[in-house]
Amino acid sequence: MGRSISCSLSSSLIFLLPYIFLFSVNLFGTTLRANHDTHELIQKVCDFSNVQEFCYKIFENDPRTQWATTKLNLEDITIQLAYSNYTKIARKVLTVTSYETNSKFRQIYRSCLHHYILLRSDLENLVHALSFQGDLDQAAQNASSHILACMNYFTQYSNIPNPFAHDNENLVYFFELIRNIYLTPLES
């Protein structure tokens, strides 16, 4: 009895092997085509962008981009990355502000913190604009304005150290990239 079950199982597997092979080849081909299309899309978007190096860097380092086939996919990935970066930087701004003992420095850091708190709602607006096909260009510009205001404090008071300079610059790049993706002309 046990022998007939094993025989029929073996013959079933042998019968299914060609189908499994064909299915896996088809999946592999689909993946190759998707990666080729993704590479073309990323190249078009990054070449159009005025933050090209940043664009290539973030898309090369994010595994989700291998499945991106539309500008919407890339916008979504970029907004998620910007949001994640914002969260880390906002914590850093809060921590630096909380532990600063120099009252003049703390005043400037608090002003930046205020803009980071306001930035959260603009990031939420970016998510909504993406979901409802709104104007990502305007939403990204609104979000950038808070970072630029923070950066401006350090321009006005150049004697105050800016522990957020690199972080602010990266966030501005994210918002600029979101705008660039949105505005990239692609043939339909």
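At what angle do helix α3 and α4 pack, and how far apart are their axes? In this predicted model, helix α3, which spans residues 71-99, packs against α4 at an angle of about 160°, and the two axes lie 10 Å apart. Because angles over 145 degrees count as roughly antiparallel, α3 and α4 are classed as roughly antiparallel to each other. The crossing in which α3 passes α4 is left-handed. The contact of α3 with α4 comprises 19 nonpolar residues, one polar residue and six charged residues.

On the side of α4, the contact is made by residues including I108, Y109, C112, H115, L119, D122 and L130. On the side of α5, the contributing residues include L136, A140, N142, H146, C150, Y153 and F154. By class, the residues of the contact of α4 with α5 divide into 18 nonpolar, four polar and one charged.

Two of the residues in this contact, C112 of α4 and C150 of α5, are also joined to each other by a disulfide, with an S to S distance of 2.0 Å. The torsion about the S-S bond of C112 and C150 is about 95°, so this disulfide is right-handed. Since C112 lies in helix α4 (residues 103-131) and C150 in helix α5 (residues 136-156), the pair ties together parts that are 38 residues apart in sequence. Residues count as buried under 20% relative accessible area; C112, with a value of 0%, is therefore buried. C150 is likewise buried, with a relative accessible area of 0%.

The count of disulfides comes to two. Besides the link between α4 and α5, a disulfide joins C46 to C55, with an S to S distance of 2.0 Å. The link of C46 and C55 is left-handed, with -75° about the S-S bond, whereas that of C112 and C150 is right-handed. C46 has a relative accessible area of 0% and is therefore buried. For C55, a relative accessible area of 0% again places the residue in the buried class. When the bonded cysteines are counted along the protein chain, the disulfides follow the pattern 1-2, 3-4.

Terms used
Residues are numbered from 1 along each chain as its sequence is written. This is a predicted model: local features need pLDDT of at least 70, side-chain atom pairs count only at pLDDT 80 or more; totals for chains, interfaces and linings use all residues. Side-chain values use heavy atoms; hydrogens and water are left out. A disulfide is a pair of cysteine sulfur atoms within 2.5 Å. Buried means under 20% relative accessible area, exposed over 50%, partly exposed in between (1.4 Å probe, protein chains only). Helices (H or I, at least four residues) and strands (E, at least two) are DSSP runs, numbered from the N terminus. Contact means heavy atoms within 4.5 Å. Ala, Val, Leu, Ile, Met, Phe, Trp, Tyr, Cys and Pro count as nonpolar, Asp, Glu, Lys and Arg as charged, and the others, Gly among them, as polar. Axes are lines fitted to C-alpha atoms, for helices over the stretch in contact, and angles run from 0 to 180 degrees between N-to-C directions. Angles under 35 degrees count as roughly parallel, over 145 as roughly antiparallel, 65 to 115 as roughly perpendicular and the rest as oblique. A crossing is left-handed if the near helix is turned anticlockwise from the far one by less than a right angle, and right-handed if clockwise.
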